[in-house]
Every structure is written in C-alpha cells, then in structure tokens.
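Here's a quick tour of a protein model for anyone just starting out. Take a look at the sequence and the 3D view, then work through the points below.

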Amino acid sequence: MNHSPDKEKHCIARLGDIKLYVSSYELTRDRRYGFQNRADGKLYFTDNGPYPAYLKLKGYVLKSECASPCVAFNTLMDSNTRFFLTMDGMFFNAARLKSFTAVTDIKSQTVSCEVTLCCDSYINEMEAE
C-alpha cells in the first residue's frame, strides 16, 4: 500500500473543449427538512427530499491547451450544456456548470480554476472490470 501521494498525478475532467487537470474535488448533497405551523399551535414535520449534488473541482488548465478558459466556461454556462463526467470511479450524469473561477498569473503556463457543477440526476459508482 502506497501512503505517499503522487503530486504529479491528476484526474482529468473534460468540460466541452476544456481539459481541467483536477487536483482536488468536493462532492456535496443534502436532504432538506421543513416544519409547517398547524392550527393547534404545533409544528408538522415535512421531508422536502434530496436536493441536487454539487461537484466542486479545483485544478488548472494549461494555457497551451486553452488560452482563455474563462471565455470558454462562460460560453458553456450560457448554452446550458450538460456534461457526463467520469472521475475517480464515479459517473456524474447530466451535470451543468453552476459557477466558475479562473485565476491566472501572467508568468505561469497554467490557469488555476475552480468549477462547480450541479448534478441533477443520480451519481453511479463505476463497476470494476
């Protein structure tokens, strides 16, 4: 078992024509509950059900592959494009671009990016073959 992480290895997420080298990701989903007032002064507990999952990807884009990722991300956001991603053994179905941040350094060959995707549909674990 290898306990030392390989810092040069990254997952790759393809978002349209953009290849994002993912260094870390965060997946969140919640189930919301509510309370409604009743006429007798008591509260009625309600289950609002599960909400969409949000996948936050942090990584970088090479300037040699995409000179201006913020323009490409903005185009993908406006067109309401859906992505079908496979990352780290999970399949994300029909994810939409919710938000993005692109930070660049003029002297660097990469653009640091943080992308948040909204996954309306289910998330499946990929079967090992």
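A residue counts as buried when its relative accessible area is under 20%, as exposed when that area is over 50%, and as partly exposed in between. Cys70, for example, has a relative accessible area of 36%, so Cys70 is partly exposed. Keep in mind that you're looking at a predicted model. The protein chain has 129 residues, and 26% of them count as buried.

**The overall layout**

- The protein chain holds one helix and nine strands.
- If you walk along from the N terminus, the elements come in the order β-β-β-β-β-α-β-β-β-β.
- Take the contacts between residues at least 6 apart in sequence: 60% of these join residues at least 24 apart.

- The protein chain has a mean pLDDT of 81, and 86% of its residues reach 70 or more.
- Residues 1–7 are another story: their pLDDT is below 50, and this stretch has zero contacts in the model beyond near neighbours in sequence.

**The nonpolar core**

- The largest nonpolar core has 24 residues, and Leu15, Leu20, Leu57, Phe73 and Leu117 are the ones that touch the most other members.
- At least two residues of this core come from each of strand E1 (11–15), strand E2 (18–28), strand E5 (53–62), helix H1 (69–78), strand E6 (82–87), strand E7 (90–104) and strand E8 (110–119).
- Which element gives the largest share of this core? That's E8, with five residues.
- As a general background point, nonpolar side chains tend to be buried together in soluble globular proteins.

**Strand E8 and its partners**

- E8 is mostly covered, with seven of its ten residues buried.
- E5 pairs with E8 in the antiparallel sense, over ten bridges.
- Look for Leu97, which stands opposite Leu117 in E8.
- The link from E7 to E8 is a hairpin that runs through five residues.

- You'll find Leu57 in strand E5.
- Is Leu57 buried or exposed? Its relative accessible area is 0%, so Leu57 is buried.
- Leaving out residues up to four places away in sequence, Leu57 touches Ala13, Leu20, Val22, Ser24, Tyr25, Met87, Cys113, Glu114, Val115 and Leu117.
- Leu57 and Phe100 are 43 residues apart along the chain, and 9.3 Å separates their C-alpha atoms.

**Aromatic rings**

- Searching the whole structure turns up four aromatic pairs.
- In one of them, the rings of Phe73 and Phe100 have their centres 5.5 Å apart and their planes at 40 degrees, so this pair is tilted.
- Phe73 sits in helix H1 and Phe100 in strand E7, so the pair ties together parts that are 27 residues apart in sequence.
- Phe73 is buried because its relative accessible area is 0%, while Phe100 counts as partly exposed at 23% relative accessibility.
- Elsewhere, ring pairs link Tyr33, Phe35 and Phe45 into a cluster.

**Thr46 in strand E4**

- Thr46 belongs to strand E4, which covers residues 43–50.
- At 14% relative accessibility, Thr46 falls under the 20% cut-off, so Thr46 counts as buried.
- Residues up to four places away in sequence aside, Thr46 touches Tyr33, Gly34, Phe35 and Gln36.

**Cysteines without disulfides**

- A disulfide is a covalent bond between the sulfur atoms of two cysteines.
- How many disulfides are there here? The count comes to zero, using a cut-off of 2.5 Å between the sulfur atoms.
- Cys119 has a relative accessible area of 1%, so Cys119 is buried.

Conventions. Residues are numbered from 1 along each chain as its sequence is written. This is a predicted model: local features need pLDDT of at least 70, side-chain atom pairs count only at pLDDT 80 or more; totals for chains, interfaces and linings use all residues. Side-chain values use heavy atoms; hydrogens and water are left out. A nonpolar core is a set of buried Ala, Val, Leu, Ile, Met, Phe, Trp, Tyr and Cys residues joined through side-chain atoms within 4.5 Å. Buried means under 20% relative accessible area, exposed over 50%, partly exposed in between (1.4 Å probe, protein chains only). Helices (H or I, at least four residues) and strands (E, at least two) are DSSP runs, numbered from the N terminus. Contact means heavy atoms within 4.5 Å. Two strands pair if DSSP finds at least two bridges between them. pLDDT is the predictor's confidence in each residue, from 0 to 100. Rings of Phe, Tyr and Trp (its six-membered ring) pair if their centres lie within 6.5 Å; planes under 30 degrees apart count as stacked, over 60 as edge-to-face and the rest as tilted.
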